[in-house]
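Keep the 3D view open as you read.

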Amino acid sequence: MKFSYKIYLIILVSVGVLILINETNLSFLKPNFPFKQGLITTADEYSYFSPVDQFLKTGNWAENSLGAKAYMRTPGYGLVYLTAKVIGGPNAFLALKMIQILLFAGSIFIFSKILLTLKLSENLAFVGTLIFGLMPTFSGFVYYTLSESVLPFFVLWSFYAIIKVNENKRISINVIIPLGLLLLLRPQMLVLTSLFLLYFLLKRKRIFWSVLLAFVPLFFWNIRTVYITGEWLGLNPIYSKNNNSLYREPHKEMTDLFRVWEYRGDYFHSTMALLSRDTTNLTTQSVLQTIPIQYQATVRPIFLEFQKFRHQQITAYANKKISSYLPGEEALIRNIKLARKKLIRENPVDFYLLTPLNSFEKLMRTSMMNLYIFQETWKEHSIVLMLKYISFLLISLGFISSVLLLIKSSNPLIRVSALSVLVSIFYLSFVQRFNEERYLLPYLSILLIHLLVYLEQIIQYKTKKSHS
């Protein structure tokens with residue numbers, strides 16, 4: 001059987017397994033978890049889908065809400081949903097589900113093409129593609145209303161475009177389109193894109209101009225946001241002084257304050273919800289008891305001040321348009337910043353070493369087997385446990401392979417991709433610190449590619465050694 005037919009067979013079987021697993025997962029979710037036409041509902045979907053609905057009604061791409069929050073999301077996943085709306089009409093979510101399944105199938109095909117382009121043996125490329133297609137590690141979000149449902153396809157498409165293109169070609173649509181869409185889908189992929197841009201610039205490769213042009217859609221999107229809101233709100237503009245919600249600047253500063261000692265994002269968000277509940281000392285004390293003792297004296301007055309601020313915001317400003325700082329808000333922001341500086345100065349080992357390492361360990365410990373049936377229904381089943389161990393091993397070995405390839409790969413594009421993955425994971429662990437397991441998803445396919453490339457190097461080395 002020709003290799004291409006083997007890949008088509010893998011795609012067919014993998015899509016069948018994906019549908020079987022995810023439809024089974026949906027059957028166990030009923031009626032405890034909401035889903036729409038076979039897609040699992042998420043908290044983020046409003047920010048993705050509301051701008052599309054508004055655009056179709058009014059011609060304005062923005063959430064149906066007041067303030068800068070309406071412009072928080074780049075339109076990448078929204079464009080995918082818009083396509084589904086055009087195709088499916090009232091069955092838009094069913095159409096979106098079909099699109100996401102097709103993009104998963106496309107990602108398997110591109111994955112195999114990448115392995116062949118990197119000159120892996122057909123046998124290893126076959127096994128690697130089989131692992132990518134069948135392991136739920138790489139497809140756990142296909143049935144979710146999240147950008148992660150389509151992100152692996154655009155990551156692989158962009159990576160394939162980079163390694164396949166003629167580096168001496170100045171303008172290549174095959175590079176501009178996937179990289180441009182990737183940045184609109186997930187602006188944080190700037191790390192990967194920027195490192196390739198820098199590499200081509202330093203090597204004076206003409207394809208540099210195509211990579212640079214891929215930044216244009218994201219650039220103009222941010223220009224649009226600045227024009228509408230009057231300020232640049234960052235690549236992921238959650239916070240604004242005209243938000244009448246928790247997501248104002250004090251919450252941003254509290255996030256940075258907790259990052260001194262905390263690496264569990266879920267705990268931080270539950271703490272913010274508790275402090276927003278009331279202004280009682282009982283609530284303050286219950287939160288303080290969960291914080292390392294050396295921090296309690298410094299953060300206690302901050303917590304009390306934050307509680308009062310939230311009470312003022314929730315009661316006095318309910319259903320009112322807020323266009324600037326609330327009374328006392330700027331003072332609270334300054335006090336949180338001062339407390340953070342004090343705690344970093346007093347606890348440098350925690351801030352610069354222990355907390356980032358805990359965050360890294362939590363991020364890399366995941367198996368990415370996120371579906372309900374793997375986490376709850378069958379979590380103790382021997383097959384599920386085996387899959388989790390295999391998944392964890394693949395991720396860990398992929399990370400180690402990335403480090404080794406960065407040091408000794410003869411392919412400069414592989415070294416750049418290894419550097420981009422490692423820098424991105426460093427950012428998640430040492431800067432962002434509060435991470436969900438899905439934040440690792442964009443890099444999983446690249447980690448597996450690195451693992452397979454390194455295995456190919458070992459095989460070639462042993463083959464040469466045996467013949468010498």
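## Helix 6 and helix 7

Start with helix 6 and helix 7, whose axes come within 9 Å and cross at roughly 145°. If you care about handedness, this crossing is left-handed. Bear in mind that you're looking at a predicted model, not an experimental one.

Which residues do the touching? On the helix 6 side they are Leu151, Phe154, Val155, Trp157, Ser158, Ala161 and Ile162, and they meet Asn174, Val175, Ile177, Pro178, Leu179, Leu181, Leu182 and Leu185 of helix 7. Sort that contact by class and you get 13 nonpolar residues, two polar ones and no charged ones.

## Helix 1 and helix 4

Now hop over to another pair. Helix 1 covers residues 3-29 and helix 4 covers residues 92-117; they pack at an angle of about 145°, with their axes 10 Å apart. Is this crossing left-handed or right-handed? For helix 1 and helix 4, it's right-handed.

Helix 1 brings Phe3, Ile7, Tyr8, Ile10, Ile11, Ser14, Val15, Leu18, Ile19 and Glu23 to the meeting, while helix 4 brings Lys97, Ile101, Phe104, Ala105, Ile108, Phe109, Ser112 and Leu116. By class, the contact between helix 1 and helix 4 has 14 nonpolar, two polar and two charged residues.

## A nonpolar patch on the surface

Next, look at the outside. Ile171, Trp209, Leu212, Leu213, Val216, Phe219, Phe220 and Ile223 make up a nonpolar patch on the surface, and together they have about 720 Å² of accessible area. Two elements, helix 9 (208-213) and helix 10 (216-229), each give two or more residues to the patch.

Which helix gives the most to the patch? That's helix 10, with four residues. Ile171 comes from elsewhere: you'll find Ile171 in the loop between helix 6 (151-164) and helix 7 (173-185), the pair that opened this tour.

## Salt bridges

Time for some charges. How many salt bridges does the structure hold? The count is 15.

One to look up is the pair Asp44 and Arg73, whose side chains meet in a salt bridge at 3.6 Å, N to O. The two partners are 29 residues apart, and their pairing links distant parts of the chain. Asp44 sits in the loop between strand 2 (39-40) and helix 2 (45-58), whereas Arg73 sits in the loop between helix 2 and helix 3 (76-88).

Conventions
Residues numbered from 1 in each chain as written. Predicted model: local features only at pLDDT ≥ 70, side-chain atom pairs only at ≥ 80, totals over all residues. Heavy atoms only, no water. Axes fitted to C-alpha atoms, helices over the stretch in contact; angles between N-to-C directions. Left-handed = near helix turned anticlockwise from the far one by under 90°. Contact = heavy atoms within 4.5 Å. Nonpolar A, V, L, I, M, F, W, Y, C, P; charged D, E, K, R; others polar. Patch = residues over 30% accessible without salt bridge, like charges linked within 9 Å, V, L, I, M, F, W, Y side chains within 5 Å. Areas by Shrake-Rupley, 256 points an atom, 1.4 Å probe, with all protein chains shown as cover. Salt bridge = Lys/Arg side-chain N within 4 Å of Asp/Glu carboxyl O.
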